[in-house]
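Open the model in your viewer and keep the selection tool at hand. The tour goes from one selection to the next.

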Amino acid sequence: SLSGSLKKLIRKLIIFKHYLFTKYFFKFDDRKSLLAWQKKQLKKMLKVNLVKSKFYKDLEIKQFEALPLIDKTIMMANFDTINTVGVKKNEAFDLALKAEINRNFTPKLNNITIGLSSGTSGNRGIFLVNEKETLKWVGTILAKTLPSNIFKKHKIAFFLRANSNLYKAINSQNIKFLFFDLLKPVEEHFEELNKFGPSILVAPPSMLRILAQAKA
């Protein structure tokens, strides 16, 4: 539909804007300018973001230095009041765990992409990403990782434990993304990987070694 095509075009333009900004304009001449930018962002976080969080609003923080130190355990224990979009921890966990079990990572919660950390520390964390943040992330990561400009054709193969709407947002006419599930035996991926012919391969070091040995 026309509205659907228009939305896709707007998404691409937003991604391109963040790509251009990150690649060509987001630079600092010296440490002083970097610190000034960081200070500005901290003030913005206090005035715009933290006032939306009940956890921080109740603390009535006026300065960044007054923010309490919290770790992952504290964050997860107060997840419902820390996040600013009204997502409940139990609902987010349920959605993310079902996605991992069913291997279907497309569902969202209140139009928010939900993801889980790997849990290597013994305590799995939750991340929340909205549409605006997704587009900014895509533009930024493309600017930081592509070996050439965004107009060249690239094929990116991701070997990950879980897929995400974040990664799917990368797909475009010039940039093709394909997810390879780490939970499947690596031999099952060889044919599809060779057929895809990636120009960029992303995987844990152990998997990269296996793929290199298989290629040899």
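**Stop 1: helix H1**

Select Leu13, which sits in helix H1 (residues 2-25). Helices here are DSSP runs of H or I with at least four residues, strands are runs of E with at least two, and both are numbered from the N terminus. This is a predicted model: local features need pLDDT of at least 70, side-chain atom pairs count only at pLDDT 80 or more, and totals for chains, interfaces and linings use all residues. Residues are numbered from 1 along each chain as its sequence is written, and side-chain values use heavy atoms, with hydrogens and water left out.

Leu13 is exposed, at a relative accessible area of 52%. Buried means under 20% relative accessible area, exposed over 50%, and partly exposed in between (1.4 Å probe, protein chains only).

With Leu13 they make a nonpolar surface patch of about 370 Å². Patch residues have over 30% relative accessible area and no salt bridge; nonpolar side chains (Val, Leu, Ile, Met, Phe, Trp, Tyr) are joined within 5 Å, like charges within 9 Å. A salt bridge puts a side-chain nitrogen of Lys or Arg within 4 Å of a carboxyl oxygen of Asp or Glu. Areas follow the Shrake-Rupley method with a 1.4 Å probe.

**Stop 2: aromatic rings**

Select Phe21, Phe26, Phe28 and Trp37: ring pairs link them into a cluster. Rings of Phe, Tyr and Trp (its six-membered ring) pair if their centres lie within 6.5 Å; planes under 30 degrees apart are stacked, over 60 edge-to-face, the rest tilted. The count comes to 10 aromatic pairs. Why is the pair of Phe28 and Trp37 tilted? The ring centres of Phe28 and Trp37 are 5.7 Å apart and their planes stand at 55°, so the pair is tilted. Phe28 is partly exposed at 31%, and Trp37 is partly exposed at 34%.

Next, pick Phe105 and Phe179. Their pair is edge-to-face, 6.2 Å centre to centre with 75° between the planes. Phe105 lies in the loop between helix H6 (89-102) and strand S1 (113-116), Phe179 in strand S4, 74 residues apart. Phe105 is buried at 11% relative accessibility; Phe179 is buried at 19%.

**Stop 3: the sheet**

Show the open sheet of 3 strands, ordered S4-S3-S5 with parallel pairing. Strands S4 (175-181) and S5 (200-202) are its edges, each pairing on one side only. Neighbouring strands are turned by 15° on average, direction ignored. Strand S3 (residues 154-160) and S5 pair over 3 bridges; pairing takes at least two DSSP bridges. Finish on Ala157, whose bridge partner in S5 is Leu201.

Definitions and conventions. Axes are lines fitted to C-alpha atoms, for helices over the stretch in contact, and angles run from 0 to 180 degrees between N-to-C directions.
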